[in-house]
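Student: I would like a close look at one part of this model, and then a view of how that part sits in the rest. Please take it step by step.

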Amino acid sequence: MSNRAKLFIPGFFFVSMLGLLLFGLFRDPNLLPSALVNRPLPEFSRPDLFDETAVITSDMLKGGVFLVNVWATWCPPCHVEHPYLVEISEREPDITFVGVNYKDDPKLAREFLDERGNPFKHSLVDADGHLGIDLGIAGAPETFLVDATGTIRYRHVGVIDNKIWDEVFEPILEQIK
Amino acid sequence: MIPELGNFAAMLALCLAAGQAVIPMAGAYYRNQLWMGLARPLAAGIWVFLLLSFACLAYAFMHDDFSVAYVARNSNSLLPVYYKFAAVWGAHEGSLLLWVLILSTWAYAVSLLSRDLPLDILARVLSVMGLVLVGFLMFMLFTSNPFERMLLNTPAEGTDLNPLLQDFGLIVHPPFLYMGYVGFSVAFAFAIAALLTGRLDAAWARWTRPWTNAAWAFLTVGIALGSWWAYYELGWGGWWFWDPVENVSFMPWLIGTALIHSLAVTEKRGVFKSWTVLLAIAAFSLSLLGAFIVRSGVITSVHAFAVDPERGLVLLALLLVIIGGSLFLYALRAPVVKGTASYAGYSREIFLLVNNVILVVATAMILLGTLFPLIHEAIYGEANRVSIGPPYFNTLFLPLMAMLAFALGIGTYSRWKRTSVQYLWQQLSKVLFASVALGIVLPLLITGEVNFGVMLALVLALWIVLGIANDLWHKTANKPSRVKALVELGRSYWGMQLAHFGMAVIMCGICFTSNHSVEEDVRMAPGDSMSIGSYEFTFDGVVERSGPNYVADSATIQVTKNGEKYLTMHPEKRRYLATGAVQTEADIRVGLFRDLFTALGDPRGDGSWVVRIHYKPFVFWIWFGAFLMACGGVLAVLDKRYRKLRVRDGKAATAAPIPAGTAEA
C-alpha cells in the first residue's frame, strides 16, 4: 500500500466505527428469541449465595411462577436494573424471584444485595458460569420466566424496568397464570 | 421573561459563531486583514452571550421557575441553594450549555492570550473552534433546549435533582471534565490550521503545547474528581469500575498524554509531525465520541444521561462532519507537514515513541472493550449480548502501564538524537538495583507476604521516584548552591518530574489499596463491636434525622485506635422526599496512609443493621497522585519560555517556516 493511501486508515477506521454506532442507535434494546423458550428449565444444583454449605436444586423451583434473573456486580446494566427488581418483587408476591449470581465474587454479591435490597427468595452462585451455559445466556443481565410446570416461557435479555415489565412481562404472565 | 432572554442570547451566540466559522477563515484564504481581524471581537461576543445565557438558566434555577421544563425536572424548592446552582449542569440540556460556554471560554482565552500569534493562524484556529461551536449550539437549541417552557400546565413543584448528584463532587466534577474535553479543541484547531496552511514547525508545537497541557491538567483533575465521587458517593468502596462512561473520559486523557509527549518531540526535533497532528485530532475526537456515548444511550452505563435515539442521530451527524472532515483533511494534507530529521535507536525520540505506542495501544484496547458489546451484537445478532467486565480491562491495562513505567524511567534519562547504552547504564544501574532491592524487601518487612503484584508495582514506582531523585542530584552537582540550582531547572522540567512523580504515587495507591484493603460487612446490634488491625469499631445504634430535603437513618459508630478514643462516624441512609429515592451516604475519614469507610446497609428487624466497614490503605494516594500530575501540567504551562519565545517565533514563523538546525521537508 502506498504511503498516501495509509493516511486514509484513521478515517476509514472512524467511518466503520460510526457505522457501528449508527447500528447501535437503531437496535431494539429488548428483543430476544431463545432456543430454550417452551423447553424445561435445565437441571442444576448450585450453592446458596448466603449459605455456601446449602445447595439449591432445580427441583426446588417447581410449583408456581418463577422469575430467574442472571446478574453480577461487575455488570453495570445490572446495577441499573436492580432497584426495579426490588420494587417489582415487592409488588408481585406471587412470583418467586430467583437470582443467579453469574461469574461473580460471592462476597461482593452479598454486599450488593445487603446494601441495595434483596429481591430474590433464592440466590444461587454460578461461579464457573456453567449454569449460564446451560441457560444459553450471552451476558448479564438476563431474565427467564418459568411457569408452574417448570417450563421456560419467556427469556429477556437486558435490563428490566417498569415500562418493560408492564408492556412485555405482564401479558406473558396473564397467559401463564 | 428571563428564560426567553437566555434562549435569545444563545441564538445570538449561534449567529456570531456562524460568522466566526466563516469570516476569519475566508479572510485567511483571501488575505483580508479586516475579516481576519474580526476573529477576536467575535470570540469575545460569543463568550459574553453564552455567559449571559448560562446566567439566565442559573437564575431560573435559583428562583424555582418550574415553568421551565428543565428546571422542573431537575430541581425542587427544597433543594439547597448550592445544589440548585449545580443542577444547572445536572442533566443533559444544561450540561450541554455548560459545554458550549466552556468551548467559547477556551476560544476567548486563545484570542486574549495569543497576541503574538500570526493573525492568519489565529483566524484559522478561531474559525475551526467557531465551526465546532456552531454544531453544538445547533444541537443544543434544536434538540435539547434547556429553556423550553411548560407555560400551560406549570408544575407547582419540581421533581428534584437526582440524589446521586446532590453532592460537592457534582458541583466541581463536570466543569473540570468539560474544561479538559473541550480544551483539546484548541490543540485540534491548531492541528487543522497546520493542515490547512501546511505550516507545522517548532513554533507551531510551542504555541500548541501550553494549551494542550492546560486541557490535560483539567481533564486529569476532572477524572480524579469523578473517581473520588464514585468512591464516596456511590458507596461501593470502589474507585474505578471500567464503566463505559469512565472509559470515554479516560481515552481522551490517554491520547492527550501521548499528545503532550509527541508535541515535545515535534517542538524540539521537528519529527513525528503528522503523528502529532493525528493525535491532536484523535484527542478531541475521543472527547466528542465520549459526549456521544454518554448522551445517546448507545451503551448502557450506570451514569449515562437519559436515552434519546433522535438526539443520538444528530450527534452522530455532528461527529461525521467534525471528525470525518478533519480525518479526510488529514489524509489529503498530512504529506505536506512531514518532517525528516534523523534519530538513532537509543534516543529520547524513540523512548517518547514507545510512550506513544503504549498509550495508543491502551486506548485502542479500552475503545475495543467499550464498543465490544456493540460489535458482538452486530455480528452475532441481538440474542447474543455481552457485558465486558473489569477482568478484561485489568488484564490488558496493567501490563501496559508496567511497560510504560519502565520506559518512563529510561526515557527521561535518554538524550535527543542519540544516547549511548553505556551512558544509560552508568546513570541508571544504581537506580535499577536500589528500586528492585527496596521494592522486594519493603513489602516483605512490612506485611511479611510474598505478593508479586505488589512487589512489581513498588519496584516500578521506586524506579520512577529514585530516577527523579538521581536526576535532580546529578543536575545540581558541580553547582555552587544546590538549592539555587534546583530553582533554575525551569518550570517545564519541574512540571515533567512532578507529573511523573504523581504517576508513581498513583501506582503505589492503586497497588496497596487493591491488595491490602480490608472490607467487612457485618450485622451489628447496638453495642456490638468489631476490629480491623488496630482499629475497633463499636456500633451505637441508629437514630432518625431530617435534612433539608430528605430524612435519614443516621448511625453512630465509635472508633478506637489501640484502645484509645479516636473518632466517631455517622454513615446514613437517606430517603429523598420528592422522589422517594434512597441513597447511601457513606462516612469516610480520609488519611494519608489509610481511609476508614463506613456505610449503613439494611435494618434486620431486631434492631441490628448490616454495616459495611472498610479499611483502605493508601487509597488517598490515587487522587493525590492525579493532583500532582495536574500540578505538573500547570507548571509546564507556566514555563517562562512560552512567553519569552512567543514574540520571536511569531516573527520567525511569518518570515521563514523552517526552524534552525532541523532538516525540513
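Student: In what order do the elements of chain A run from the N terminus on?

Tutor: This is a predicted model. Starting at the N terminus, the elements of chain A follow the order α-α-β-β-β-α-β-α-β-α-β-β-α. That makes 6 helices and 7 strands in chain A. Of the 177 residues in chain A, 36% are buried. Now take the contacts in chain A between residues at least 6 apart in sequence: 74% of them join residues at least 24 apart.

Chain B can be described in the same terms. Chain B holds 20 helices and 10 strands. Along the principal axes, the C-alpha atoms of chain B fill a box of roughly 85 × 75 × 60 Å. Buried residues account for 54% of the 665 residues in chain B. Among contacts in chain B between residues at least 6 apart in sequence, 76% are between residues at least 24 apart.

The nonpolar cores come next. The largest nonpolar core has 217 residues, and Val100(B), Leu103(B), Ala187(B), Phe190(B) and Met507(B) have the most contacts inside it. Helix 9 of chain B (residues 202-233) gives the most to this core, with 21 residues. Beyond its neighbours within four places in sequence, Phe190(B) is in contact with Val125(B), Trp204(B), Trp207(B), Thr208(B) and Ala280(B). A second, separate core has 32 residues, including Leu41(A), Ala72(A), Val100(A) and Val125(A).

Helix 7 of chain B covers residues 119-143, and at 1.5 Å a residue its 25 residues should span 36 Å. The C-alpha atoms at its ends are 35 Å apart, which agrees. Helix 7 of chain B is mostly covered, with 20 of its 25 residues buried.

Last, the domains. The domain assignment divides chain B into domain 1 (1-161), domain 2 (167-413), domain 3 (414-516) and domain 4 (527-620). Taken over C-alpha atoms, the centres of domain 3 and domain 4 of chain B are separated by 38 Å. Their contact takes 5 residues from domain 3 of chain B and 4 residues from domain 4 of chain B. On the side of domain 3 of chain B that touches domain 4 of chain B, 2 residues are nonpolar, 3 are polar and none is charged.

Terms used:
Residues are numbered from 1 along each chain as its sequence is written. Chains are lettered from A and ligands numbered from 1 in the order in which they are written. This is a predicted model: local features need pLDDT of at least 70, side-chain atom pairs count only at pLDDT 80 or more; totals for chains, interfaces and linings use all residues. Helices (H or I, at least four residues) and strands (E, at least two) are DSSP runs, numbered from the N terminus. The expected span of a helix is 1.5 Å times one less than its number of residues. A residue is buried if 20 or more other C-beta atoms lie within 10 Å of its own, exposed if 12 or fewer, and partly exposed in between; C-beta atoms are placed from the backbone. Domain bounds come from an automatic or database domain assignment. Two residues are in contact if their C-beta atoms, placed from the backbone, lie within 7 Å. Ala, Val, Leu, Ile, Met, Phe, Trp, Tyr, Cys and Pro count as nonpolar, Asp, Glu, Lys and Arg as charged, and the others, Gly among them, as polar. A nonpolar core is a set of buried Ala, Val, Leu, Ile, Met, Phe, Trp, Tyr and Cys residues joined through C-beta atoms within 7 Å.
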